[in-house]
Amino acid sequence: MSFPSSMAVAGMGMPGAPGGMGGIPSGAMGGIGGVPSGPGSDAVHRNLMVNFLPPTWTSAELRGLFQQFGEIEECKVVMDRTTGNSKGYGFVKFVNRNDAENAMAQVQGFQAD
């Protein structure tokens, strides 16, 4: 299986986001209770889907890439149960909506080793 050389990052409910998946209920990503959900912090708008991850990446590498943009509530790379490798995509949920939007803009097209 081959992977493109750069990552694609999509907001899970941000208007105009490439590949965005608006309309996902705020608890759909397994959110943690107690996080404020008002304007600017809505759970749907704090979730990013990251595509084209290298097969060797784990949640720790994904978190390492995104933590520079703000506090992360959840981070998960989806793994293949048979091979133990990444399936090539993951999710990052920020505490703050603005951090998620900034990360999406900055990481779009990032080239992973």
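Predicted model: local features only at pLDDT ≥ 70, side-chain atom pairs only at ≥ 80, totals over all residues.
Me: Start with strand 4. How does strand 3 pair with it?
Reply: Strand 3 (residues 72-79) pairs with strand 4 (residues 86-94) in the antiparallel sense, over six bridges. Strands here are DSSP runs of E, at least two residues, and helices are runs of H or I, at least four residues, numbered from the N terminus. Two strands pair if DSSP finds at least two bridges between them.

Me: Which residue in strand 4 is the bridge partner of Ile72?
Reply: Phe94. Further along, Lys76 stands opposite Phe91.

Me: What about the hairpin of strand 3 and strand 4, which residue has a positive phi?
Reply: Gly84, with phi near 80°. The hairpin has six residues between the strands.

Me: How does strand 2 pair with strand 4?
Reply: Also antiparallel, over five bridges. Asn51 has Tyr89 in strand 4 as its bridge partner.

Me: How many residues of strand 4 are buried?
Reply: Seven of the nine, so strand 4 is largely enclosed by the rest of the structure. Buried means under 20% relative accessible area, exposed means over 50%, and partly exposed is in between (1.4 Å probe, protein chains only).

Me: Switching to aromatics. How many aromatic pairs does a search of the whole structure find?
Reply: Two. Phe66 and Phe94 form an edge-to-face pair, 6.3 Å centre to centre with 65° between the planes. Phe66 is in helix 2 and Phe94 in strand 4, so the pair ties together parts that are 28 residues apart in sequence. Rings of Phe, Tyr and Trp (its six-membered ring) pair if their centres lie within 6.5 Å; planes under 30 degrees apart are stacked, over 60 edge-to-face, the rest tilted.

Me: Are Phe66 and Phe94 buried or exposed?
Reply: Both are buried. Tyr89 and Phe91 also form a pair: their ring centres are 6.0 Å apart and their planes at 90°, so the pair is edge-to-face.

Me: And do Tyr89 and Phe91 count as buried or partly exposed?
Reply: Tyr89 is partly exposed, at 26% relative accessibility. Phe91 is buried, at 18%.

Me: On to helix 3. Which of its residues are buried?
Reply: In helix 3 (residues 97-107), Ala100, Ala103, Met104 and Val107 are buried. They cover an arc of only 100° around the axis, which puts them on the same side of helix 3. That arc is taken from the directions from the helix axis to the C-beta atoms.

Me: Which residues are exposed on the other side of helix 3?
Reply: Asn98, Ala105 and Gln106.

Me: What do the buried residues of helix 3 pack against?
Reply: Strand 1 (8-11), helix 1 (43-46), strand 2 (47-51), helix 2 (59-66) and strand 4. Contact means heavy atoms within 4.5 Å.

Me: What follows helix 3?
Reply: Gly109, whose phi is positive, near 85°.

Me: Last one. Where does Ser6 lie, and which residues does it touch?
Reply: Ser6 lies in the segment before strand 1. Not counting residues up to four places away in sequence, Ser6 touches Phe52, Gly109, Phe110 and Gln111. The C-alpha atoms of Ser6 and Leu53 are separated by 8.3 Å, though these residues are 47 apart along the chain.

How values were computed:
Residues numbered from 1 in each chain as written. Heavy atoms only, no water.
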